[in-house]
Amino acid sequence: MLLELRALGKTWSIARTGERVVALDAITLDVVAGEFLILLGPSGCGKSTLLQILAGLEAPSTGGIRFPERTGTQKLTSMVFQEYALFPWRTVAENVVFGPEVRGIRRADRDATAQRLIDLVKLRGFETRYPHELSGGMRQRVALARALANDPAVLLFDEPLAALDAQTRRVLQDELARIWAETGKTFIYVTHSLEEAVLLGSRIVLMTARPGRIKEVIDVSLPRPRRLTRPEEAALLERLDGLLRDEVKQAMEAEA
Amino acid sequence: MSLSLLRKAGSAFFILAVWQVLVQTGNINELFLPAPLSVLNAMWALTVSGTLPWAVLVSLNRLVQGFVYGSLIGVVLGLLAGAIRWVEDVLDPWVAAVYPIPKSALFPLFLLWFGLGDRSKIVTIAVGVLFLVLVNTVTGVKSINPLLVKAAIDLGASRLQVFVKVILPGALPNIFTGLRLGAGMALILVFITEIEATKAGLGFLLWEAFQLLETTKVFAGVVTFGLLGVATTWLLQWLERRACPWAQR
């Protein structure tokens, strides 16, 4: 077991009204090393909050997470954000080395790491470009390489393809599957896209909205590369669609 | 492009030529508006006699010192105030109180406190520059996308590293806006602080010439101030291009 989430909860209080909102409730989950775990749910289900907690950027209100087989203080996660979050004043190569740089890795070593990762995400020749000189898809490749540069055990993705156009998204979905397979890393991937869940996930965690709970966990052992036009994929998509539709309907009724 | 350049050069040359002719034909009294060539002559004479270079050096010394001290303090305080809430709270009433005061109005006080020498002028310039740089630096820090700070922390940056590697470069374009405004302010203040209680500097040269009704010399001073302004603008633009190559449009 790589990562254990135990009875994780997060409650916000809205300052203006004093109202308390339960964003996450009793999330218990085991993450297996090397899996492509999808957190799927309607907006407002707290899946991004869950990711922030896993990244250590937010503290849970109750419960906790731990890496049972890991000791030491090195951070074990790296995040890929929907809006890329690249440093505009750094070139592609300088963005990629940011993690090793702040952790005090020797220049020669971190430059070698950067070059290897830039090759992995197929950005060779763009090392000296600034982020604003790149397309959205290329920016997200840089963000992925930057996250990999710290050699984390887990990569956390917060709807990384949501800001891209449909064509670019298709290409990057395949790229993510390839890089996941090549690196053997554990991916935890937040999305509200059913297609993405079916195309990428080795396990899909379906979440409910307000409070965010785990509704269902679905193992996906379909062969890769996956195609939505195949009957198995289509059936899974149909099933997820039904489950999610119920969830959205209930959430809307609860709000009304 | 070259046509536009031609029009600009033509405009400058035409006006100067008309001006020169009007003075030479006696339509304009040189006491009020000396001819361009007379001004040029005067500048040349002042330069070879060493008067003008010395005046420029004296003023530049005050200008550069005031500008550098003011910008350094402004940048450091601005970064701290932008990034740390309690620093902002502590500085806020003072900025709010002093920012709207024309800094030239503080000069008499600084004369009282720091004497007739260079120091009172340098302090006046520094204070004028400081507030412009400070306010723009704070704006720069606040304009940084909080997601970038989050990403830096996620990648393992310490608080100090976030400050040096995210806050500072992120605020740099706004810092340069502050520096440009500060340079303009410094030029104004160096003139104002040199018209009284001093015996040296470009402002003194200009003001003394006015009191003796040496209008040509006044113009020489004005043109030199203009050249100083152009030079500082170029220098800052060059610095900005080197420091923020990503911010070029």
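Student: Which helix does A:P231 lie in?
Tutor: A:P231 sits in helix α8 of chain A, residues 231–255. Helices are DSSP runs of H or I with at least four residues, strands are DSSP runs of E with at least two, and both are numbered from the N terminus. Mind that this is a predicted model: local features need pLDDT of at least 70, side-chain atom pairs count only at pLDDT 80 or more, and totals for chains, interfaces and linings use all residues. Residues are numbered from 1 along each chain as its sequence is written, while chains are lettered from A and ligands numbered from 1 in the order in which they are written.

Student: OK. Is A:P231 buried or exposed?
Tutor: A:P231 is exposed, because 7 other C-beta atoms lie within 10 Å. The scale goes like this: 20 or more other C-beta atoms within 10 Å of a residue's own means buried, 12 or fewer means exposed, in between is partly exposed, and the C-beta atoms are placed from the backbone.

Student: Switching to A:G125. Where does A:G125 lie?
Tutor: In the loop of chain A between α4 (107–120) and α5 (136–148). A:G125 counts as exposed, because there are 9 other C-beta atoms within 10 Å. From A:G125 to A:V92 the C-alpha to C-alpha distance is 10.0 Å, and the two are 33 residues apart in sequence.

Student: Now the sheet in chain A. What order do the six strands have?
Tutor: β5-β6-β7-β3-β8-β9, as an open sheet with mixed pairing. For two strands to pair, DSSP has to find at least two bridges between them. In general, strands of a sheet pair through backbone hydrogen bonds, either parallel or antiparallel.

Student: Which strands stand at the edges?
Tutor: β5 (77–80) and β9 (214–219) of chain A; each has a single partner strand, so one side of each has no neighbour in the sheet. On average, neighbouring strands are turned by 15° against each other, direction ignored.

Student: How many bridges join β6 to β7 of chain A?
Tutor: Five, and the two strands, residues 154–158 and 186–191, run parallel. One detail there: A:F157 has A:Y189 in β7(A) as its bridge partner. As for helices, α5(A) packs on the sheet, touching β5 and β6 of chain A, and its direction makes about 170° with that of β5(A). Axes are lines fitted to C-alpha atoms, for helices over the stretch in contact, and angles run from 0 to 180 degrees between N-to-C directions.

Student: Over to chain B. How many helices and strands are there in chain B?
Tutor: Chain B has 10 helices and zero strands. Its C-alpha atoms fill a box of roughly 75 × 55 × 30 Å along the principal axes, and 36% of its 249 residues count as buried.

Student: At what angle do α2 and α10 of chain B pack?
Tutor: About 80°, with the axes of α2 (residues 36–48) and α10 (residues 215–243) 8 Å apart. That makes α2(B) and α10(B) roughly perpendicular to each other. The cut-offs are under 35 degrees for roughly parallel, over 145 for roughly antiparallel, 65 to 115 for roughly perpendicular, and oblique for the rest.

Student: Which residues make the contact?
Tutor: B:S38, B:V39, B:A42, B:M43 and B:L46 from α2(B), and B:T216, B:K217, B:F219, B:A220 and B:V223 from α10(B). Two residues are in contact if their C-beta atoms, placed from the backbone, lie within 7 Å. The set divides into seven nonpolar, two polar and one charged. Ala, Val, Leu, Ile, Met, Phe, Trp, Tyr, Cys and Pro count as nonpolar, Asp, Glu, Lys and Arg as charged, and the others, Gly among them, as polar.

Student: How many residues does the contact take from chain B and chain A?
Tutor: 15 residues from chain B and 18 residues from chain A. On the side of chain B that touches chain A, α7(B) gives the largest share, six residues. That side divides into 10 nonpolar, two polar and three charged residues.

Student: Last one: how many residues has the largest nonpolar core?
Tutor: 114, and those with the most contacts inside it are A:L39, A:V96, A:L156, A:I188, A:Y189 and B:A186. A nonpolar core is a set of buried Ala, Val, Leu, Ile, Met, Phe, Trp, Tyr and Cys residues joined through C-beta atoms within 7 Å. α8(B) gives the most to this core, with 14 residues.
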